[in-house]
Amino acid sequence: MERMIATVAGLAKFASCGPTLQRAAPVCFQRFCTTTTPTYGQTSVYVKEALNILDFDPQIEKAILNPDREVKVNLVIPMDNGEVNMYDAYRVQHNNVLGPFKGGIIFHPAVNLENMRSLASLNTWKFALLNVQFGGSKGGVAVDPRTLSDREMEKLTRKYVQALQEVIGPRTDIPAPDINTSEKHMAWIFDQYSKLRGFAPAAVTGKPQWLHGIVGRDSAGGRGAAYATREFMTRTLRRKVAGSTFLIQGFGKLGSWTAQILQQEMGAKIVGVSCSETAVYNEDGLDIAALRNHVAQGGLLKDFPGGTGVSNCDTFLDIPADVLIPCAVDGTIHKGNVERCLHLKAIVEAANSALTPDADMVLRQHGIPVLPDIFANGGAVIVSFFEWVQNNQNLQWEEDEVKRELDRYLTDAYDALLREQQQYGSSLSLRTAGYLVALKRLQRAELVRGHS
């Protein structure tokens, strides 16, 4: 395997790019928790737990656990005011035994090599469990996007592609949107990569629908979480989604779509919703479509007329409900607040690493089932795969086909989860079962492909 730490630098004399533009902050700056973001070692806790159950070849274990490649580059950007800034950028490629690397790009000051390693490895396990033919990667730039104008943001994005063009591409490593990046950034990536390497819409996913994107991409994460919740409740908890009560922690794209699809298509009762600033509660159920409209118009959750404003701190977790669905940043459920979750019947970890390993262990000890992120957070990556397939085939999928195939992939993955759990007994957590499925698929591929 190749491991590469590359540093690309080199200052040039940049002329002023004209008058300073007004800073264009994103509509909603997504937080990336700097205190609880999982380290690579923390992510490996779950993997090693599964490895202890399996009879694994030590050489295969080494190959699977360690990243294939780690790249660090320095991006030198001329700013609108004539100054020159330099930003640290990363791409970690974890394992590509099942297919090309695939992973999002994060723009956030907390981005570093350690958390890119962790998130890249998480993608590897997720793809393997979901039977999506990709390998895990993750990238990012250590920057606060609120300090950049749109023009500076575009320069930074294009420079990222230019610096990493040798290690990304439609058959190598396919980027996607992530924290503080969007379809706008993906359009820039598509354009820049095509200028450098020739027309290649499959070089990136998450593009605008009308620019080689795919219908349903915006709601894919939430739809996937809703489908995953349905499988979990009906097949493991033996409960109906209709009439069950839910708390949604985080009301960005993931949380708002999850809540809306659960309510409108499955009859769920959403009694509480929180975000980073505030929260709202209604024991008779919130009107999620109206709440989304309220937020889109700039309203705070606590001011929504269809509910009662409540604190968004840990006391939000005290609200009576059947199921909690964390849809915010990583580490929102931790050893300091997990005791407040013991009244729940279950937790669906829709956000990546929403539960810390300590919190997960407490919930296990109290017999509270958790649907893990490697399954519950799979909607967006599955639809990203569909977009990549669509681009390679030069076809445009219909929305019904996207929904149907997403449902099929998640249902098949849950079948695999349950088979694994039945093999080792009901005391085996769904999280461990998921990692067992992923590890077995990776081991099989590594053995068949060989190491020459």
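Select Trp257 and Arg292: Arg292 lies over the ring face, 4.2 Å from the ring centre. A charge counts as over a ring if NZ of Lys or CZ of Arg is within 6 Å of the ring centre and within 35 degrees of the ring normal. Next, pick Tyr46 and Arg431. The charged end of Arg431 sits over the Tyr46 ring, 4.5 Å from its centre.

A word on the model. It is predicted: local features need pLDDT of at least 70, side-chain atom pairs count only at pLDDT 80 or more, and totals for chains, interfaces and linings use all residues. Residues are numbered from 1 along each chain as its sequence is written, and side-chain values use heavy atoms, with hydrogens and water left out.

Now the aromatic pairs. Rings of Phe, Tyr and Trp (its six-membered ring) pair if their centres lie within 6.5 Å; planes under 30 degrees apart are stacked, over 60 edge-to-face, the rest tilted. The count is 12 pairs. Select Phe190 and Phe199: this pair is edge-to-face, with centres 5.8 Å apart and 75° between the planes. Phe190 is buried at 8% relative accessibility, while Phe199 is exposed at 60%. Buried means under 20% relative accessible area, exposed over 50%, partly exposed in between (1.4 Å probe, protein chains only).

Move to Phe375 and Tyr414. Their centres are 5.3 Å apart and their planes at 45°, so the pair is tilted. Both Phe375 and Tyr414 are buried.

Last stop: select Phe127, Phe134, Phe385, Phe386, Trp388, Trp397 and Tyr409, which form one aromatic cluster.
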